[in-house]
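Keep the picture open and find each residue as it comes up.

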Amino acid sequence: MRSSKYLPKIGTFDGARFWKNAFAHQRGNLLRKVQVPDDQIKVLIEKAYADLPAPLRFEIETSGIKEQDLK
């Protein structure tokens, strides 16, 4: 296995913790940052984080978004 200097580090965003503590407008801001259409945002903000589609959770966690950008 190669040393970590050869593998790029992927910064991850703790989406589950943010989702649990966020208000609806903050969840909406997060979903807009990952380019979810507005009509889907209205449905998704009411769901639990674990109930979001897996590709969307992956996009949120690897998008490079910082929590301070959403508050």
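## Contacts along the chain

Residues 24 or more positions apart account for 59% of the chain's contacts with a separation of 6 or more, where contact means heavy atoms within 4.5 Å. The model is predicted: local features need pLDDT of at least 70 and side-chain atom pairs count only at pLDDT 80 or more, while totals for chains, interfaces and linings use all residues. Residues are numbered from 1 along each chain as its sequence is written, and side-chain values use heavy atoms, with hydrogens and water left out.

## Helices and surface

Now trace the fold from end to end. The chain has four helices and zero strands, giving the pattern α-α-α-α along the sequence. Here helices (H or I, at least four residues) and strands (E, at least two) are DSSP runs, numbered from the N terminus.

How much of the chain do buried residues make up? They make up 30% of the 71 residues; buried means under 20% relative accessible area, exposed over 50%, and partly exposed in between, with a 1.4 Å probe and protein chains only. The chain exposes about 5,300 Å², and carbon and sulfur atoms supply 52% of that area. Such accessible areas come from the Shrake-Rupley method with a 1.4 Å probe, and for residues only the protein chains shown count as cover.

In soluble globular proteins, nonpolar side chains tend to be buried together. The largest nonpolar core here holds 17 residues, of which Leu30, Leu31, Val36, Leu52, Leu56 and Ile60 touch the most other members. The elements giving two or more residues to this core are helix 1 (15-21), helix 2, helix 3 (38-44) and helix 4 (54-62). A nonpolar core is a set of buried Ala, Val, Leu, Ile, Met, Phe, Trp, Tyr and Cys residues joined through side-chain atoms within 4.5 Å.

Leaving out residues up to four places away in sequence, Ile60 touches Phe13, Gly15, Leu30, Leu31, Val34, Tyr49 and Leu52.

In helix 2, the buried residues are Gln26, Arg27, Gly28, Leu30 and Leu31. They pack against helix 1, helix 3 and helix 4. Gln26 counts as buried because its relative accessible area is 10%. A polar atom of the Gln26 side chain lies 2.8 Å from the backbone nitrogen of Phe23. Apart from neighbours within four places in sequence, Gln26 is in contact with Phe18, Asn21, Leu70 and Lys71.

Most residues other than glycine have a negative phi, and most peptide bonds are trans. Gln35 has a positive phi of about 60° although it is not a glycine. You will find Gln35 in the loop between helix 2 and helix 3, and it counts as exposed because its relative accessibility is 71%.

## Aromatic pairs

Rings of Phe, Tyr and Trp (its six-membered ring) pair if their centres lie within 6.5 Å; planes under 30 degrees apart count as stacked, over 60 as edge-to-face and the rest as tilted. By this rule there are two aromatic pairs. The Phe13 and Phe18 rings have centres 5.6 Å apart and planes at 55°, so this pair is tilted. Phe13 is buried at 7% relative accessible area, and Phe18 is buried at 2%.

Trp19 and Tyr49 form a tilted pair too, 6.0 Å centre to centre with 55° between the planes. This pair links distant parts of the chain, with Trp19 in helix 1 and Tyr49 in the loop between helix 3 and helix 4, 30 residues apart. Both Trp19 and Tyr49 are buried.

## Salt bridges

Side chains of opposite charge can pair when their charged atoms come close. A salt bridge is a side-chain nitrogen of Lys or Arg within 4 Å of a carboxyl oxygen of Asp or Glu, and the count by this rule is three. Arg17 meets Asp14 at 3.4 Å, N to O. Glu67 also bridges to Arg17, with the closest N and O atoms 2.7 Å apart. That pair joins the segment after helix 4, where Glu67 sits, to Arg17 in helix 1, 50 residues apart. Together, Asp14, Arg17 and Glu67 are linked in a network of salt bridges.

Arg32, in helix 2 (residues 24-33), forms a salt bridge with Asp38, the closest N and O atoms being 3.7 Å apart. Arg32 is partly exposed at 46%, and Asp38 is partly exposed at 48%.

Terms used:
A polar contact is a pair of N or O atoms within 3.5 Å; within protein, one must be able to donate a hydrogen and the other to accept it, and residues adjacent in sequence count only if both atoms are side-chain atoms.
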